[in-house]
Amino acid sequence: MLFAVPFYAVACVAFGTIDPIFRDAVPQWNPLAWDFTQAQQVFASLATGPLQGVAVRTIIYVLCAMILCFIIGFPIAYFLVRHAGKRKLLLLVLIIVPFWVNYLMRMLAWVNLLSNDGLFTRFMRIFGINYNWLDGSPITVILGLVYGYIPFLILPLYATLERLDWRLIDAARDLGANSRQAFRLVTIPMSKAGLVAAGILIALPMFGDYYTNDLLSRSPSTEMIGNQIDFFLNASTQPQTGAVLVIALSLFLLLLMSFYLRSTRQQSRQTTR
Amino acid sequence: MQRRDFLRNLVITTGGITVGGSLLAACGGTSSNTTVDGLAIGTPENPIKLPVTTEAIADGLASESGTLEILNWADYANPESIAIFEKQFGCKVSTSIYDTEEAAIAKLRNGTFKPDLILGMTDTGLAKLVAADLLQPLNKSYITNFGNVIKGLQNPYYDLGSQYTVPYFIYGNGIGYRTDRIDKNAFAKNGYDMLWDAQYNGKLGVLDAYRDTLAMAMFRAGVKDANTSDAAIITKAGEDLISLREATNPKVDILAYTEMPAGNRDINFTWSGDLFTALQYLPEGVSPDVLGFWYPETTVAKNDFMCITKNAKSPVLAHQLINFLSDTDNAMLNREYVGYQPALESITVDLLISTGTIPESLIDALVTPEKYESGLAQVLLEPAVDALWLEQWTAFTAG
């Protein structure tokens, strides 16, 4: 119900009409009377029109951010489980503490740090890196996404890794595997479900994210699909288009979720056997 | 015919409209009033007497005790002015914020917002507020400072007789720039083309307002119409904005007032009032003269206004706050914080410059009655035309 009811309401807006005077959405609650004209136009735009670039860019940004999250997050989770010892709890708290602060506040803090005379920019200049971070740069937006969502990757990964039977890795080593082989052939496959879950967990909000780009770039060259949804729903006279984009994004995320569910089911079957 | 269908037929699109029509109306010039059942849209060339469905409050009522609820843009009233008002009238003022007129009107209609007084609404919003029967007519006996309002706006085209509204601020669209990086004379030579100059790549911004920015591209191409329904012109404006994007990688937002003083931008297409607000954001030790403004010959000039809701719980206090903000001294204090130019006759260019309130470098950002008169007005577009504008805007912002 938590999904179906809001989704139905969005669909009623997307396939409804617009009040010609107030330009508000007029939801069509009767599915038999739904009008798909606007939806067809929006999907055509996503496929070949102006929105295609935004859709492709969003996928690329999220993929890049996810890869970076894995590269940074997996070693951290691994270290916490295997080597943190008594400091484990302290380190976990230290990872989580910054995220007690509101997301917008953290991003605004980064805007200050990354500005031309910001602390981070000046620090990087010591190493000869003179980069205009807030110049509508895709790198800044992707790093912003990584910073914003990485704890949501580390925590489930940590939970998965902690439940692993590490005697299996020891057994692999006893049987002649070097540490790299043991990691590749035993640790990674055993933590696959956790990796997929953590990936999905961060991918879902990243795809709909708009404030990271709003705060760190505000350039059309880094516009994501969430920005277009925000514009059409909040600042345009076509809320219908925004609602259709929400549906398109939901369908795409539904595909990702089905992949996750399929993957966990397979994992569960393998464990049962 | 359903009410909605009836209203649909009354949405109008007009081209080549100058704001000067309002002055004409004010001077007693001829005007053909368009009064429509439930909906009223005035244009400078077709000023309108709005329909009134309820009585204004009676004369001489005592102020209500309690809270006056205001709906306003963020930072669009000086907290110090509000505090003085609260002390003077023994009340509390509570403010809700809106960030788009569309969202505000939607929330007013569905009851999410229940303010007594709305600040900063414009004529396109007024048409909808009146259609939704959300406003009450003003009783001018409470607004003794109404005479301070710029003469040309005392009888505006969107509300003949100022039945519902009292002007708040005036402004025009133009280009803000850093005088320490750009020569003023470059604008005389290049005009709007300055925004297409690749040397400002990464240091340029345009307004995140599709009507304003697309119209700017049209003015650059020689069009003198901020409301065109000509698909070819709209498409050309969209293409021109894409070429601007490719040349300069612009920021699309409404933050010129913080980004220019911080030195993050050299040039920004923006509202003239933003440059006055920007003065407050200059880093310590930086001269106000670093900010300049080019006021184009062909551009949009606007004003916003104050109005009272039909179901206001404190209508007397609401009238009194309108009167308070229309007083010259109070308006000057309010302006100190908001930055924008009050729509009062007494607050002249000479006054603002001679008192040092506005630096000489920003004299062009001040909207004189002459500039206001020659400015172009924006009116509500038909949904199909609006869709064309939005399509081009999406092509620009989608990168």
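Reader: In β2(B), which residue is the bridge partner of B:Leu71?
Author: This is a predicted model, in which local features need pLDDT of at least 70 and side-chain atom pairs count only at pLDDT 80 or more, while totals for chains, interfaces and linings use all residues. Residues are numbered from 1 along each chain as its sequence is written, and chains are lettered from A and ligands numbered from 1 in the order in which they are written. Strand β2 of chain B covers residues 92-97 and runs parallel to β1(B); strands (E, at least two residues) and helices (H or I, at least four) are DSSP runs, numbered from the N terminus. In β2(B), B:Leu71 is bridged to B:Ser96.

Reader: How many bridges join β1(B) to β2(B)?
Author: Two strands count as paired if DSSP finds at least two bridges between them. For β1(B) and β2(B), the number of bridges is 6.

Reader: Is B:Asp75 buried, exposed or partly exposed?
Author: B:Asp75 sits in the loop between β1 (67-72) and α3 (79-89) of chain B, and its phi is positive, about 55°, although it is not a glycine. A residue is buried with 20 or more other C-beta atoms within 10 Å of its own, exposed with 12 or fewer, and partly exposed in between, the C-beta atoms being placed from the backbone. B:Asp75 has 14 C-beta neighbours inside 10 Å, so it counts as partly exposed.

Reader: Why does A:Arg23 count as buried?
Author: A:Arg23 is in the loop of chain A between β1 (17-18) and β2 (25-26). Its phi is near 60°, positive in a residue other than glycine. A:Arg23 is buried because the number of other C-beta atoms within 10 Å is 20.

Reader: Which element of chain B gives the largest share of the side that touches chain A?
Author: The contact takes 29 residues from chain A and 32 from chain B, where two residues touch if their C-beta atoms, placed from the backbone, lie within 7 Å. On the chain B side, α1 (3-8), α4 (101-109), α5 (123-131), β6 (251-253) and α15 (383-397) each supply at least two residues. The largest share, 8 residues, comes from α15(B).

Reader: How many charged residues has the side of chain B that touches chain A?
Author: Ala, Val, Leu, Ile, Met, Phe, Trp, Tyr, Cys and Pro are nonpolar, Asp, Glu, Lys and Arg are charged, and the others, Gly among them, are polar. On the side of chain B that touches chain A, 15 residues are nonpolar and 8 are polar. The number of charged residues there is 9.
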